Amino acid sequence: MTCLDQPPTPSLARTTASDPRLLSKPELPPSFPIIWRDSLIYEHARVGRVFNHRRPSRYPLAVVEATTEGHIVEAVRLANQLSCRVSVRSGGHSWAAWSVRDDAILIDLGKFFHFHLDGETGVLEASPSMTGRMVNRLLEPHGRMFPGGHCPDVALGGFLLQGGMGWNCRVGIHDICNTQRRDSN
Ligand SMILES: Cc1cc2nc3c(=O)[nH]c(=O)nc-3n(C[C@H](O)[C@H](O)[C@H](O)COP(=O)(O)OP(=O)(O)OC[C@H]3O[C@@H](n4cnc5c(N)ncnc54)[C@H](O)[C@@H]3O)c2cc1C
């Protein structure tokens with residue numbers, strides 16, 4: 001038996017067959033990077049970037065692999081329209097894989113990058129998907145560093161919300177002056 005012969009997990013089979021939202025999907029621009037639960041590449045989108053290889057039995061309705069702020073706004077609008085919750089993934093290092101929520105629209109920020117260092121004020125803007133390693137590589141030529149996680153692949157999004165134990169412990173959280181929230185308005 002090859003892996004292609006294996007049936008989908010019972011939970012996935014049950015939810016795709018019975019979910020009316022997958023039968024009449026809302027119209028979206030063809031370029032919108034959404035992967036619905038009945039797609040062949042869904043499983044990779046669901047957990048491919050989760051660090052812990054003990055995969056959760058939770059199945060979002062769809063995954064939006066956002067590359068722009070517009071995609072994030074559109075994903076939140078879509079979740080409103082479908083009466084779903086939204087979940088977010090930055091670096092995927094939550095051990096419990098909290099980004100993976102049943103029937104949610106999962107916004108995966110793994111391909112959304114923004115980095116700007118203001119030379120005058122020294123204030124850094126960075127997207128939640130940027131990891132400690134990425135940020136510090138870009139800051140090094142400017143003689144600066146960010147006290148991200150000791151594991152360099154932890155991303156800023158989860159680190160600032162649920163981590164914060166960085167080089168020179170806890171300095172990281174204290175230096176944050178602003179975060180941006182995206183909603184459907
Ligand atoms: C191997 C490993 C090493 C680690 N080392 C350290 C360390 O040295 N120091 C430390 O402090 N922690 C460490 N951690 C813990 C880590 O900081 C937390 O698990 C952190 O939450 C991971 O962030 P992430 O963005 O990579 O993970 P994710 O799984 O993407 O996100 C973690 C949580 O934050 C939420 N979230 C992420 N981005 C957003 C967003 N933009 N908006 C709203 N919610 C969001 C997710 O939904 C999820 O609930 C480590 C974890 C692992 C697995």
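This report describes the fold, cores, ligand shell and some single residues of a predicted protein model.

## The model and its fold

The model is predicted, so local features need pLDDT of at least 70 and side-chain atom pairs count only at pLDDT 80 or more, while totals for chains, interfaces and linings use all residues. Residues are numbered from 1 along each chain as its sequence is written.

The protein has seven helices and six strands. Helices (H or I, at least four residues) and strands (E, at least two) are DSSP runs, numbered from the N terminus. Along the sequence they follow the pattern α-α-β-α-β-α-β-β-β-β-α-α-α.

Of the 185 residues, 31% count as buried. A residue is buried if 20 or more other C-beta atoms lie within 10 Å of its own, exposed if 12 or fewer, and partly exposed in between; C-beta atoms are placed from the backbone. Two residues are in contact if their C-beta atoms, placed from the backbone, lie within 7 Å. Among contacts between residues at least 6 apart in sequence, 52% join residues at least 24 apart.

## Two nonpolar cores

A nonpolar core is a set of buried Ala, Val, Leu, Ile, Met, Phe, Trp, Tyr and Cys residues joined through C-beta atoms within 7 Å. The largest one has 22 residues. Ala62, Val64, Ala75, Val86, Ile105 and Ile107 have the most contacts inside it. Two or more residues each come from β1 (34-36), α3 (42-47), β2 (62-65), α4 (69-81), β3 (86-89) and β4 (105-108). Helix α4 gives the most, with four residues.

What does Ile105 touch, not counting residues up to four places away in sequence? Its contacts are Pro60, Leu61, Ala62, Val64, Ala75, Leu78, Ala79, Cys84 and Val86. A second, separate core has nine residues, including Met130, Met134, Val154 and Ala155.

## Helix α5

Helix α5 spans residues 132-139, and its buried residues are Gly132, Met134 and Val135. They cover an arc of only 165° around the axis, which puts them on the same side of α5. The arc is that of the directions from the helix axis to the C-beta atoms. These buried residues pack against β6 (124-126) and α6.

## Around the ligand

The shell around the ligand holds 26 residues, and Gly91, Ser94, Gly157, Gly158 and Gly163 come nearest. A residue is near a molecule or strand if its C-beta atom, placed from the backbone, lies within 6 Å of it. Strand β3 and helix α6 (156-162) each give two or more residues to the shell. The largest share, five residues, comes from α6.

Why does the ligand lie between domain 1 and domain 2? Domain 1 (10-108) and domain 2 (115-175) both give residues to its shell, so it lies between them. These bounds come from an automatic or database domain assignment.

## Residues to find

Trp36 is in strand β1. Trp36 is partly exposed, with 16 C-beta neighbours inside 10 Å. Beyond its neighbours within four places in sequence, Trp36 is in contact with Leu22, Lys25, Tyr42 and Ala62. Trp36 and Val63 are 27 residues apart along the chain, and their C-alpha atoms are separated by 6.5 Å.

Ser83 sits in the loop between α4 and β3. Its phi is near 55°, a positive value in a residue other than glycine. Ser83 is exposed, with 8 other C-beta atoms within 10 Å. Ala97 lies in the loop between β3 and β4. The phi of Ala97 is near 55°, also a positive value in a residue other than glycine. Ala97 is partly exposed, with 19 other C-beta atoms within 10 Å.
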